[in-house]
Amino acid sequence: MAAHRLRQSVGRLFAMGPELGSGRRAFSAFQAFTEVLRLPSKQLTKLVFPLEELHEHFVPGSRPDLHLNIFHPSLEDIARAESFFTASARNRIEYLTSAVRLDHAPDLHRPEVCFIGRSNVGKSSLIKALFSLAPEVEVRVSKKPGHTKKLNFYKVGKYFTLVDMPGYGYRAPEDFVDMVETYLKERKNLMRTFLLVDSVVGIQKADNIAIEMCEEFALPYVMVLTKIDKPSKGHLLKQVLQIQKFVDTKTQGCFPQLFPVSAMTYSGIHLLRCFIADITGNLKTTGF
Ligand SMILES: Nc1nc2c(ncn2[C@@H]2O[C@H](COP(=O)(O)OP(=O)(O)OP(=O)(O)O)[C@@H](O)[C@H]2O)c(=O)[nH]1
Ligand SMILES: [Mg+2]
């Protein structure tokens with residue numbers, strides 16, 4: 001009954017949003033939170049809180065090591081956060097520019113978050129999924145590793161900027177370290193770095209480049225596990241536990257809670273939108 005009332009109130013919240021009008025490209029199920037709210041609660045949990053869903057597969061009380069509730073917003077908060085990611089005449093979401101060096105980067109004062117990780121880990125796909133409610137924004141993804149060669153800046157209304165980065169490792173641009181290191185070290189408005197790790201293979205040697213940079217520059221960063229639609233549940237559980245242990249024992253600046261996502265099924269995408277809106281100071285959630 002309470003859940004039903006919650007869904008109704010979130011539904012009203014959506015109905016009130018001026019930017020959620022018609023005229024947009026029809027999107028497939030689950031990109032928009034209104035669709036998610038129609039799901040039975042088990043499926044809703046799986047899609048919105050994938051870590052929680054995984055946790056349910058452990059014997060009760062046997063694995064206290066996953067941090068599930070450090071950021072655990074309400075469904076209303078998640079619904080509110082979605083409006084920032086929904087394009088409208090009043091909330092323009094667009095590609096701004098690309099840069100190969102920090103001094104070519106746009107001089108922006110709004111909060112910024114960036115996405116780093118190995119080539120092919122799914123950085124551009126994740127940004128594309130986050131922007132699925134702004135379908136006119138073009139974010140290029142490719143099967144070929146090393147596709148993104150520059151720092152690509154995307155403006156989200158007047159609220160924040162997302163930065164897609166070239167990948168490290170295989171076919172990384174030659175000047176990768178100079179470009180990315182200087183950006184991470186000196187970008188004044190950088191609020192958070194999202195470090196993407198492939199959930200199929202876990203943390204690889206090449207990932208240490210980025211982890212060491214974040215640790216050395218004392219950056220606040222967050223580990224995002226990509227492509228969670230690919231591994232079997234058992235394999236994913238194993239990777240999640242290993243990565244959680246790594247974060248707990250080997251890092252200082254990494255946010256303790258992991259964010260598993262799939263750019264294909266949209267699992268974890270709504271929660272990540274909410275987290276970004278929150279850490280950029282745009283949403284005061286009750287989740288912390
Ligand atoms: N199954 C699945 N495939 C994904 C997912 N995310 C990305 N991919 C695939 O992984 C490949 C690489 O995706 P990109 O988003 O271009 O990866 P990237 O990290 O931006 O790569 P570079 O720009 O080369 O560094 C593409 O073939 C995507 O379709 C996901 O969540 N699930
Ligand atoms: Mg890319």
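Which side chain has an N or O atom 2.7 Å from an oxygen atom of ligand 1? Select Lys123: an N or O atom in the side chain of this residue lies at that distance in this predicted model. Such a pair is a polar contact, that is, two N or O atoms within 3.5 Å.

Next, select Asn120, where a polar backbone atom is 2.9 Å from an oxygen atom of ligand 1. Then move to Asp229, which places a polar side-chain atom 2.7 Å from a nitrogen atom of the ligand. Of the 650 Å² of accessible area that ligand 1 has on its own, the protein covers 90% (Shrake-Rupley method, 1.4 Å probe).

Now display the whole shell: 23 residues surround ligand 1, each with a heavy atom within 4 Å of it. The closest are Lys123, Ser125, Gly146, His147 and Asp229. Colour the shell by class to find five nonpolar, 11 polar and seven charged residues, with Gly counted as polar and Asp, Glu, Lys and Arg as charged.

Finally, select Ser124 and Thr148, where UniProt places the feature "binding site"; such annotations may be inferred rather than shown by experiment. The two positions are spread over 25 residues of sequence, yet their largest C-alpha distance is 7.9 Å. Both Ser124 and Thr148 belong to the lining of the largest pocket, and ligand 1 sits in that pocket. Ser124 is found in helix H6, residues 123–130 (a DSSP run of H or I, at least four residues).

Residues are numbered from 1 along each chain, chains are lettered from A and ligands numbered from 1 in the order written. Local features need pLDDT of at least 70, side-chain atom pairs need 80 or more, totals for chains, interfaces and linings use all residues, and side-chain values use heavy atoms, without hydrogens and water.

How values were computed
Polar contact = N/O pair within 3.5 Å; in protein donor to acceptor, adjacent residues only side chain to side chain. 1 Å grid on protein atoms, 1.4 Å probe; cavity = no way out; pocket = protein on both sides within 12 Å on 5 of 7 lines; lining within 4 Å. Sits in = over half its atoms within 2 Å of the grid points. Helix = DSSP H or I, 4+ residues; strand = E, 2+ residues; numbered from the N terminus.
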